[in-house]
Structures are given as C-alpha cells and as structure tokens.
Amino acid sequence: MNGITLTFVKNIETDIDEMNNAINTASNIVVDDCLIAPISEPANAREEQAMKQSKDQVRIHLPKTCTDDVSDSEVTWGGKVFRLDSDSVVFMDDNTPTRWNRYFRAESVNG
C-alpha cells in the first residue's frame, strides 16, 4: 500500500481578546504516508446516521512515525473538506504489522 501526504488544518488557541474570547490561529500539520478511504460499511450509530443523511465520510490512518495531534482538524481530499470528529484509535505498534497504527473518522463539511 502506498500512503499519501495530507495537510491537516488545526485551529489553536493563541490568545484571548478583551472580551475574554479565544483568538485562534490556523496551524498546518503535514503528515506523509497517510491512508484515506471512504467508509462504506458503518461501524457505529454515528456512521450509520451520516450514511442515511448522505454525508461523505472517510477513515484516515496515520503512520506510526506520526506523533502530531491532528484531532479536531480539517483536511481536504478529493475536492472536499473533511472534519476529524473522533479521537484516534491507537493500536500497539508491536501488534500492528503495517506502517499505520491509529485512525480517525472524518465527515465532509461541504457536501
């Protein structure tokens, strides 16, 4: 399997304004060797609901070499923007024979 490079855009709180509201700055996190694929068989109620609503959703697998926090970020793939909406599922490196050991679910926010 060949992975692809994905750029995750994550808003990070960098300051607070005079009204005590968070000021966020977008940070790009580039991760090489990712796997991404549409979800065709739902594994839980949330995925089932998204399918019934005809929302595109994908599963993104990150390589073992990636230690970046990409949770709650957005990624563009296939001309669509997807928001990661789940915590990563991490597998033990020693028990994972492939290069990828964690994954996220993401749902399209623009179609």
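Me: Is Arg105 buried or exposed?
Reply: This is a predicted model. In it, Arg105 has a relative accessibility of 5%, so this residue counts as buried.

Me: Which strand is Arg105 found in?
Reply: Arg105 belongs to strand β7, which covers residues 100-108.

Me: What kind of pair do Glu107 and Arg105 form, in terms of charge?
Reply: Their side chains meet in a salt bridge, with 2.6 Å from N to O. Glu107 is buried as well, at a relative accessible area of 15%.

Me: Which residues are joined with them into one network?
Reply: Salt bridges with shared partners link Lys55, Asp85, Arg105 and Glu107 into one network.

Me: And what does Arg105 touch, leaving out residues up to four places away in sequence?
Reply: Its contacts include Ile39, Arg46, Glu47 and Ala50. Gln57, Val58, Arg83, Leu84, Asp85 and Ser86 are also touched by Arg105.

Me: How many salt bridges does a search of the whole structure find?
Reply: The search finds eight salt bridges. One of them pairs Lys10 with Asp69, at 3.1 Å from N to O.

Me: Where do Lys10 and Asp69 lie?
Reply: Lys10 is in strand β1 (residues 4-16), while Asp69 is in the loop between β3 (57-63) and β4 (74-77). The two are 59 residues apart in sequence, so their pairing ties together separate parts of the chain. Lys10 is buried at 12% relative accessible area, whereas Asp69 is partly exposed at 46%.

Me: Which residue forms a salt bridge with Lys80?
Reply: Asp56 does, and the closest N and O atoms of the pair are 2.1 Å apart. Asp56 lies in the loop between α1 (45-52) and β3, and Lys80 lies in strand β5 (residues 80-84), so this pair ties together parts that are 24 residues apart in sequence. Asp56 is partly exposed, with 30% relative accessibility. Lys80 is partly exposed too, with 27%.

Me: Changing topic: how many disulfides are there?
Reply: The count is zero. Cys34 is in no disulfide, and the nearest cysteine sulfur, in Cys66, is 6.8 Å away.

Me: How many aromatic pairs are found?
Reply: Two aromatic pairs are found in the whole structure. In one of them, the rings of Trp77 and Phe82 have centres 6.4 Å apart and planes at 50°, so the pair is tilted. Trp77 is partly exposed at 29% relative accessibility, but Phe82 is buried at 3%.

Me: What does Ile36 touch, not counting residues up to four places away in sequence?
Reply: Ile36 touches Ile4, Leu6, Val58, Arg59, Ile60 and Trp77. Ile36 itself lies in strand β2, residues 22-38, and counts as buried at 16% relative accessibility. Its C-alpha atom is 8.3 Å from that of Gly3, a residue 33 places away along the chain.

Me: Last topic, the largest nonpolar core: how many residues does it have?
Reply: That core has 16 residues. Phe8, Val31, Ile60, Leu62, Val70 and Leu84 have the most contacts inside it.

Me: Which elements give two or more residues to this core, and which gives the largest share?
Reply: β1, β2, β3, β5 and β7 each give two or more residues. The largest share, four residues, is from β2.

Me: What is Leu84 in contact with, leaving aside neighbours within four places in sequence?
Reply: Leu84 contacts Phe8, Ile60, Val70, Asp72, Ser73, Val75, Phe104, Arg105 and Ala106. That list brings us back to Arg105, with which we began.

Note on methods
Residues numbered from 1 in each chain as written. Predicted model: local features only at pLDDT ≥ 70, side-chain atom pairs only at ≥ 80, totals over all residues. Heavy atoms only, no water. Disulfide = S-S within 2.5 Å. Phe/Tyr/Trp six-rings, centres within 6.5 Å; stacked < 30°, edge-to-face > 60°. Buried < 20%, exposed > 50% of the residue type's maximum accessible area, 1.4 Å probe, protein only. Salt bridge = Lys/Arg side-chain N within 4 Å of Asp/Glu carboxyl O. Contact = heavy atoms within 4.5 Å. Core = buried A, V, L, I, M, F, W, Y, C linked by side-chain atoms within 4.5 Å.
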